[in-house]
Amino acid sequence: MEKFDSDGYPLDNKNLTQNVKDEFSSAVNKQKGRISRKLVEKNFFISDKQKKSWNENGYILLKNFCSRRFCQDLNNEVIRIIHSIVSKDDKFSHAYAGEGHIAIREMKPYEKANDIEDEISKLFRLHSRGIFKEFIFREDLLNILEDILGKNIDCFLSQFIFKNPGAWGQPWHQDSSYFPFDREPQVGVWIATSKATLENGCLVVLPGSHKESLHEHLPDEREGANYGYTEIKDHDFTEEVPMFLEEGDVLIFHSFLMHKSYDNKSQERRTAMVYHFAETGTVYGDIDSPTNEWISVRGKGVKIENS
């Protein structure tokens, strides 16, 4: 079985050094200072209330957007994929690749783990097939995204998030710091595939922070923190808002919005399926991230792919 780091290179069984974290943070901070001024001016599909929430807060909450059955099917399919590409008995590695997917393992061991999914943090590259692909072509979803991004839309990133018992939260960050693209914003679509509470490590947002520039992201200083975790420290977060989501709720959020998650202090896993969308034609530079996979879902890109 192939084993890779998050940049797509083979990874031996070794701890991540501070130098590696510093190098990653330095790459992220090349985006520092960028700003997104684009607002929704005319809303053809979203309501005036949703338009106001997007422009002022940086997100739109859609209650009961997905069925409970759909969420359960997502959860089950992800676990099937995990078992197909990595075994619990495999030698420890930060990342595993197989069947076109990339699985990231928690750096901090979980002593009560019974199955390999109990030690997985994230699974990337899901949206090109099956139930994951079906979702990104939902007409009602694309209508909302069209009001934000325009008529030509790509889905470029998908990840399933495992917040297993004992797992640390991800520190404050802005997603666009990880996206060295030629335009903004990008749009995240977060599906709560299980209930999210304070105890099990729910998502937390800072309303209105999408209006700010991209801040400096420093390495996560916690020993055993996952690779790729960086942290915004030069900000006041007292106005943070925990997102208490029910299974099937969807949060659509701006890529400049500051957000984090709490630690999971419960005995149950908290899960989420997250997609990221961008305007078709977005330029990502000389080398794209191995976790990205660009698929046109509406507009001219779809017509080209089908021609």
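Analyst: Exposed here means a relative accessible area over 50%, buried means under 20%, and partly exposed is in between. This is a predicted model, so keep that in mind as we go.

User: Okay, what makes arginine 69 exposed or buried?

Analyst: Arginine 69 has 59% relative accessibility. The cut-off for exposed is over 50%, so arginine 69 counts as exposed.

User: And why is aspartate 73 called partly exposed?

Analyst: Its relative accessible area is 29%.

User: What makes the contact of glutamate 246 with lysine 195 a salt bridge?

Analyst: The two side chains meet at 3.9 Å, N to O, and the limit is within 4 Å, so the pair counts. Glutamate 246 lies in the loop between strand 10 and strand 11, and lysine 195 in the loop between strand 6 (187-192) and strand 7 (203-205), so the bridge ties together parts 51 residues apart in sequence. Glutamate 246 is partly exposed at 37%, and lysine 195 is partly exposed at 47%.

User: Aspartate 249 also pairs with lysine 63. Where do these two residues sit in the chain?

Analyst: Their closest N and O atoms are 2.5 Å apart. Aspartate 249 is in the loop between strand 10 (241-242) and strand 11 (250-254), while lysine 63 is in the loop between strand 1 (59-62) and helix 3 (68-85), 186 residues away. Aspartate 249 has 0% relative accessibility, which is under 20%, so it counts as buried. Lysine 63, at 45%, is partly exposed.

User: How many salt bridges turn up in the whole structure?

Analyst: The search finds 16. Glu139, Glu146, Lys151 and Arg298 are linked in a network of them.

User: Back to helix 3. How do you know that its length agrees with its residue count?

Analyst: At 1.5 Å a residue, its 18 residues should span 26 Å, and the end C-alpha atoms are 26 Å apart, so the two agree.

User: Which residues of helix 3 are buried, and why do we say they share a side?

Analyst: The buried ones are Phe70, Cys71, Leu74, Asn75, Val78, Ile81, Ile82 and Ile85. They cover an arc of only 140° around the axis, so they lie on the same side of helix 3. The face turned away from that buried side carries the exposed residues Arg68, Arg69 and Asn76.

User: Zooming out, how do you know whether the chain agrees with a compact globule?

Analyst: For 307 residues, a compact globule would have a radius of gyration near 19 Å; the chain has 18 Å, so it agrees. Buried residues make up 54% of the chain. Its secondary structure comes to 6 helices and 14 strands.

Conventions. Residues are numbered from 1 along each chain as its sequence is written. This is a predicted model: local features need pLDDT of at least 70, side-chain atom pairs count only at pLDDT 80 or more; totals for chains, interfaces and linings use all residues. Side-chain values use heavy atoms; hydrogens and water are left out. Helices (H or I, at least four residues) and strands (E, at least two) are DSSP runs, numbered from the N terminus. Buried means under 20% relative accessible area, exposed over 50%, partly exposed in between (1.4 Å probe, protein chains only). The expected span of a helix is 1.5 Å times one less than its number of residues. The arc is that of the directions from the helix axis to the C-beta atoms. The radius of gyration is taken over C-alpha atoms; the globule rule is 2.2 Å times the number of residues to the power 0.38.
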